[in-house]
Amino acid sequence: MSVQPPTLSPQLHDLITTMPKAELHIHIEGSLEPELIFELAKRNHVSLPFDSVASLRTAYAFKDLQSFLDIYYAGASVLLKEQDFYDMTYAYLKKAAADGVVYAEIFFDPQTHTDRGVPLQTVIEGLVRATKDGARHLGLESKLIMCFLRHLSQASAMETLNAAEPFLEHLVGVGLDSSEVGHPPEKFIDVFAKAHKLGLKAVAHAGEEGPPAYIWSALDQLNVLRIDHGVQSIHDEALLARLAQERIPLTVCPLSNLKLCVYEDLGQHPIKRLLDLGLCVTINSDDPAYFGGYINENYLQTFQALELQAKDAIAFAKCSFEASFMPASQKNEWYAKLDQHARLHGE
Ligand code: ADE
Ligand code: ZN
């Protein structure tokens with residue numbers, strides 16, 4: 001019988017769940033809960049290959065990234081109207097605000113929708129209206145990052161970027177997601193170069209299942225400012241030294257790594273080793289409706305499995321603001337609030 005780590009103290013639980021934090025790695029389509037999938041399917045007369053919420057949930061047993069993506073794209077097929085994109089996004093923002101998220105940078109996958117005939121404008125207008133309402137009613141500021149699907153061609157990504165030009169004021173950056181292995185960052189050099197010219201910031205998924213070489217090429221060939229996941233960097237000492245030296249953030253998603261079988265249990269997760277090596281590491285939810293929890297659940301399960309301390313929680317939250325695309329003055333305000341939060345909790 002394996003020995004379970006002790007449960008978190010009520011003090012640490014409270015410090016984690018109430019501290020202000022930023023979420024930097026959330027796919028909005030991955031926040032679509034089964035109940036909302038069924039509600040939207042009914043509203044839009046879309047038929048699903050599942051007959052109930054319960055049978056859909058039982059399909060959430062993944063063996064790797066691709067087995068998840070197949071179901072994730074099927075779930076997104078119920079999104080057709082501006083109101084659908086609004087409802088999905090506002091539902092996420094409410095959950096995030098309840099978890100102490102004060103700022104979010106939200107990924108969306110336009111090609112998943114435009115390939116089904118949904119206009120890009122419909123997608124962006126729904127997301128933007130929800131983020132405005134989130135700021136006004138929930139006090140949660142959020143920005144949008146438009147991701148390219150790496151299993152599709154660079155030409156398709158370029159077409160998407162061109163179509164997004166009228167909406168650039170609503171985007172903070174571009175990202176790269178979907179099936180990683182076999183689709184290295186260098187497949188997208190031209191589209192990322194154009195995004196930079198348009199004034200967009202860039203991030204990319206790399207080293208989730210793929211090798212450290214993909215992290216090097218995301219940095220050197222796509223000029224990204226952050227790496228999403230990046231956990232495979234643990235196998236490359238020179239890369240770890242560079243990430244630490246240049247404070248290139250990793251947006252890590254522990255429950256995602258667990259559910260997609262990157263690690264057999266959270267006790268094996270390298271997140272604490274990465275933090276102790278001097279990297280800027282953040283905790284995020286990735287696709288919370290599919291992976292068993294939102295950001296606080298990611299913190300709590302990681303802290304329990306790795307027996308982490310209050311100082312680690314404050315360090316991750318500080319990294320979340322440091323790694324964000326908010327202005328430096330706003331970052332400093334959040335660092336001060338976090339210090340105050342730690343003091344109030346006796347740290
Ligand atoms: N799209 C949604 N979730 C993803 C993940 N974990 N990796 C790559 N692409 C994704
Ligand atoms: Zn992701």
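This is a predicted model: local features need pLDDT of at least 70, side-chain atom pairs count only at pLDDT 80 or more; totals for chains, interfaces and linings use all residues.
Visitor: Which helix gives the most residues to the shell around ligand 1?
Guide: The residues around the ligand include Leu 65, Phe 68, Leu 69 and Tyr 72. The helix that spans residues 65-75 contributes four residues to the shell, and it gives the most. That helix is α4.

Visitor: How many nonpolar, polar and charged residues does that shell have?
Guide: Among the residues around ligand 1 are His 27, Ser 178, Glu 208 and Asp 286, along with Leu 65 and Phe 68. Sorted by class, the shell has four nonpolar, four polar and four charged residues.

Visitor: How far from a nitrogen atom of ligand 1 is a polar side-chain atom of Asp 286?
Guide: Polar contacts here are pairs of N or O atoms within 3.5 Å. His 27 has a polar side-chain atom 3.4 Å from a nitrogen atom of the ligand, and for an N or O atom in the side chain of Glu 208 the distance is 2.7 Å. For Asp 286, the distance is 2.7 Å.

Visitor: How many residues apart in sequence are the parts that the pair of Tyr 60 and Tyr 290 ties together?
Guide: The whole structure holds 15 aromatic pairs. Tyr 60 and Tyr 290 form a tilted one, with 4.7 Å centre to centre and 40° between the planes. Tyr 60 lies in the loop between α3 and α4 and Tyr 290 in helix α14, so the parts tied together are apart in sequence by 230 residues.

Key
Residues are numbered from 1 along each chain as its sequence is written. Chains are lettered from A and ligands numbered from 1 in the order in which they are written. Side-chain values use heavy atoms; hydrogens and water are left out. A residue is near a molecule or strand if one of its heavy atoms lies within 4 Å of it. A polar contact is a pair of N or O atoms within 3.5 Å; within protein, one must be able to donate a hydrogen and the other to accept it, and residues adjacent in sequence count only if both atoms are side-chain atoms. Helices (H or I, at least four residues) and strands (E, at least two) are DSSP runs, numbered from the N terminus. Ala, Val, Leu, Ile, Met, Phe, Trp, Tyr, Cys and Pro count as nonpolar, Asp, Glu, Lys and Arg as charged, and the others, Gly among them, as polar. Rings of Phe, Tyr and Trp (its six-membered ring) pair if their centres lie within 6.5 Å; planes under 30 degrees apart count as stacked, over 60 as edge-to-face and the rest as tilted.
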